[in-house]
Amino acid sequence: MGGYGAIRTAMVAPGVFGSVYALHPVGTGVGLQTMNSRPNFERLAAARSLDDLGDDGFSRVFLGMYQAFLPNPDKAPLYADLPASGRGERLATDPVLTAKLQNAFLLDRLLPAHAADLKDLRGLMFDWGRFDGNADHVVANRAFAGLLEEFGVPNEAEEYRGWWGERHWTPGGRVEARALPFFARTLAFEQDDAATRPR
């Protein structure tokens with residue numbers, strides 16, 4: 001979620017950073033599967049704590065999203081509204097809550113209101129691995145790169161041959177070969193009270 005957070009921060013808190021490189025962001029848009037098809041809503045409805053979700057990774061991740069973007073302090077013990085109920089063919093989606101979640105979370109939904117802020121960056125780059133085990137990320141990142149172009153936001157987007165998180169920190173990996181040279185080109189240093197600070 002660091003790549004997602006980097007782009008989101010540039011959108012909603014303009015002026016904090018001068019350039020952004022997002023390593024394999026998620027949440028750039030919808031993918032091949034609907035968001036509501038991922039978590040186990042029956043298990044979420046029965047849960048009394050995060051521990052009740054055990055090793056159900058999707059339900060745990062999406063619960064965090066619901067608590068952040070669909071909070072409900074009157075709905076103990078998880079304190080969030082769930083945008084669907086049931087499972088599989090019996091999945092019943094609440095369109096109002098689903099739209100509220102997507103409009104607050106997905107970067108492609110935030111882009112129209114924040115494209116001008118991204119245009120003020122000295123550089124925007126993001127990448128993703130073609131063989132990510134969750135193909136939703138690949139599809140969404142490709143679409144987001146195109147959407148940035150539609151809104152005239154200069155960017156460098158790269159799909160690399162690899163998995164999610166592969167070869168980032170290794171010698172010659174993406175941080176060394178892509179991110180550091182990108183920041184060498186796009187970071188600016190200003191004199192401020194006799195102290196030099198990067199922007």
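**Labels and their grounds**

Mentor: R122 is partly exposed, with a relative accessible area of 38%, because buried means under 20% relative accessible area, exposed over 50%, and partly exposed in between (1.4 Å probe, protein chains only). R122 sits in the loop between α5 and β4 (123-129), where helices (H or I, at least four residues) and strands (E, at least two) are DSSP runs numbered from the N terminus. The C-alpha atom of R122 is 8.5 Å from that of V20, although 102 residues separate them in sequence.

Trainee: What kind of model is this, and what do the values rest on?

Mentor: This is a predicted model, in which local features need pLDDT of at least 70 and side-chain atom pairs count only at pLDDT 80 or more, whereas totals for chains, interfaces and linings use all residues. Residues are numbered from 1 along each chain as its sequence is written, and side-chain values use heavy atoms, with hydrogens and water left out.

Trainee: How many helices and strands are in the protein chain, and what percentage of its residues count as buried?

Mentor: The protein chain has 7 helices and 7 strands, running α-β-α-α-β-β-α-α-β-α-β-α-β-β from the N terminus on. Of its 199 residues, 42% count as buried, and the C-alpha atoms fill a box of roughly 55 × 40 × 35 Å along the principal axes.

Trainee: How do you know what span is expected for α3?

Mentor: The expected span is 1.5 Å times one less than the number of residues. Helix α3 (residues 57-69) has 13 residues and reaches 18 Å from first C-alpha to last, close to the 18 Å expected.

Trainee: Which residues of α3 are buried, and how do you know which side of α3 they are on?

Mentor: The buried residues of α3 are S59, F62, L63, M65, Y66 and F69. They cover an arc of only 165° around the axis, which puts them on the same side of α3; the arc is that of the directions from the helix axis to the C-beta atoms. Their cover includes α1 (2-12), α2 (41-46) and α4 (95-105).

Trainee: Which residues of α4 are buried, and which are exposed on the other side?

Mentor: In α4, L97, T98, L101, Q102 and F105 are buried. These residues cover an arc of only 130° around the axis, and therefore lie on the same side of α4. P95 and V96 are exposed on the other side. What covers the buried residues of α4 includes α1, α3, β3 (92-93) and α5.

Trainee: At what angle do α5 and α6 pack, and is their crossing left-handed or right-handed?

Mentor: Helix α5 (residues 107-119) and helix α6 (residues 135-150) pack at an angle of about 40°, with their axes 10 Å apart. Axes are lines fitted to C-alpha atoms, for helices over the stretch in contact, and angles run from 0 to 180 degrees between N-to-C directions. The crossing of α5 and α6 is right-handed; a crossing has that name if the near helix is turned clockwise from the far one by less than a right angle, and is left-handed if anticlockwise. In this contact, L107, D108, L111 and L118 in α5 meet F144, L147 and L148 in α6. By class, the contact has 6 nonpolar, no polar and 1 charged residues.

Trainee: What makes the peptide bond between A76 and P77 cis or trans, and what is the phi of H24?

Mentor: The bond joining A76 and P77 is cis, with omega about 5°, and P77 is in the loop between α3 and β2 (84-85). H24 has a positive phi of about 45° although it is not a glycine. Most residues other than glycine have a negative phi, and most peptide bonds are trans. H24 lies in the loop between β1 (19-23) and α2, and is buried, with a relative accessible area of 3%.

Methods:
Contact = heavy atoms within 4.5 Å. Nonpolar A, V, L, I, M, F, W, Y, C, P; charged D, E, K, R; others polar.
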